[in-house]
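User: Could you take a close look at a single part of this predicted model and explain how that part sits within its chain?

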Amino acid sequence: MDLDVTHAYVLTGGLLFAIGVTGFLARRNLIVMFLATELMFQGVILNLVGFGVRRGDLHGQAFALFLLVIAAVEAGVALGLVVLLFRRKGTLDADAWATMKG
Amino acid sequence: MSQTALYVLYAILAAGAAGLYMILPSTRADAPRLRMAGAILGTAALAGLAAYLVRWIGAQGLGNGLFVLFAVLAIAAAVRVVTHPRPVYCVVYFILVVLASTGLSLLVAAEFLAMALLIIYGGAILVTYIFVIMLAQQTGESLYDRNAREPLAAVLMGFLLVAATAQALTVRDPIAAHAGQTVSSFRYAVARPSDQTVRPVADGPTANGPAAPAAPSQQSDAPPIGNTWAVGQVLMTTYVMAVEIAGVLLLVAVVGAIAIARKRIDPAALTPEERRRLEERKDLHQRGRQAAPF
């Protein structure tokens, strides 16, 4: 029996996404939190590749390329935000910005 | 996938989740011993995942062996990204994730996507992260890096997500007729002209309009089409509007990032000496603009 592509890719992508979610929730460092979102992007890209194989055309890959654009945009804006927040409080701790928690 | 396979997968995922919980940074007194136990449990879960992929999804031939290798590498590196206490090492492990997913893309003949991942993710985005870490990181490990927030809830959340995905994978889907496609049979799919994946053309794109599909009789003689050519055609025809919008989005993001991270100077906070220097600079700019070019 051969490897079922979609099954294998969706499982791998889902695992990467879940690890990314875990990291985003568990880490306190702002930079590592955004790195965890990039992990989630990787998982989604693998999912799109796997589903593209199932469909047998290139639309999945085209979508993955657009996802790459979104990831680049997110990294740029998020890191600009991190630099701003670091300048304000001098720390990367996300809990330093928990004033809205009540 | 059988019911037994699903339960085995649940067990592997549970072991992996428990391992991840133990490896997450913690300041408890028994943290080093816990971390060691978590590393052993996590390695066992990864080995179990590899065995699961081989046993229940099947793995024969070089392509599938490489798939298992890259998948395990990606997941192990991803775990290190979220558990390493030093952000620089997190970034380095993330590059390993990108390399592994580049390999996974290459296995299904997604060459253009693989190279884009390597250059844009492994190159541009990760370099930006390293720059920001160099700008913002204090020396040594900070307390907030050695202490995870709500690790149990976070790990439980991740476990539930991937367990639900695994359960959904067992449901028979309406397009299961295509399920016979495999990694090793798909590897050369795009490069084979007779395949349905891309429409082969007789002489490549013509000057006045898109290339015409080859006649069925010529298909065996048509030159093989690369993945880059095919993806380019899809992007520039079906998704040409989206490509334009993506360009605008990138421009907006660049402007927005500069506007967010720009340093604003409050004139009231300046000392008289600094204010004088600022005025002098403004004056120089003015004189430079008014001066004759030669």
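Analyst: The accessible surface of chain B in this predicted model comes to about 16,900 Å², and carbon and sulfur atoms account for 67% of that area. Of the 294 residues in chain B, 35% are buried. The chain contains 10 helices and zero strands, so that, read from the N terminus, its elements run α-α-α-α-α-α-α-α-α-α by the assignment of DSSP runs. Among the contacts in chain B that join residues at least 6 apart in sequence, 61% link residues at least 24 apart.

B:Ala163 counts as buried because its relative accessibility is 9%, while the cut-off for buried is under 20%. Leaving aside residues up to four places away in sequence, B:Ala163 touches B:Tyr10 and B:Leu13. With B:Tyr10, the separation can be given in two ways: B:Ala163 and B:Tyr10 lie 153 residues apart in sequence, yet from C-alpha to C-alpha they are 6.6 Å apart in space.

A word on confidence belongs with this picture. The average pLDDT of chain B is 80, and 78% of its residues score at least 70. Over residues 183–219 of chain B, however, the pLDDT is below 50, although this stretch has 60 contacts in the model beyond near neighbours in sequence.

Terms used. Residues numbered from 1 in each chain as written. Chains lettered and ligands numbered in written order. Predicted model: local features only at pLDDT ≥ 70, side-chain atom pairs only at ≥ 80, totals over all residues. Heavy atoms only, no water. Helix = DSSP H or I, 4+ residues; strand = E, 2+ residues; numbered from the N terminus. Buried < 20%, exposed > 50% of the residue type's maximum accessible area, 1.4 Å probe, protein only. Contact = heavy atoms within 4.5 Å. Areas by Shrake-Rupley, 256 points an atom, 1.4 Å probe, with all protein chains shown as cover. pLDDT = per-residue confidence, 0-100.
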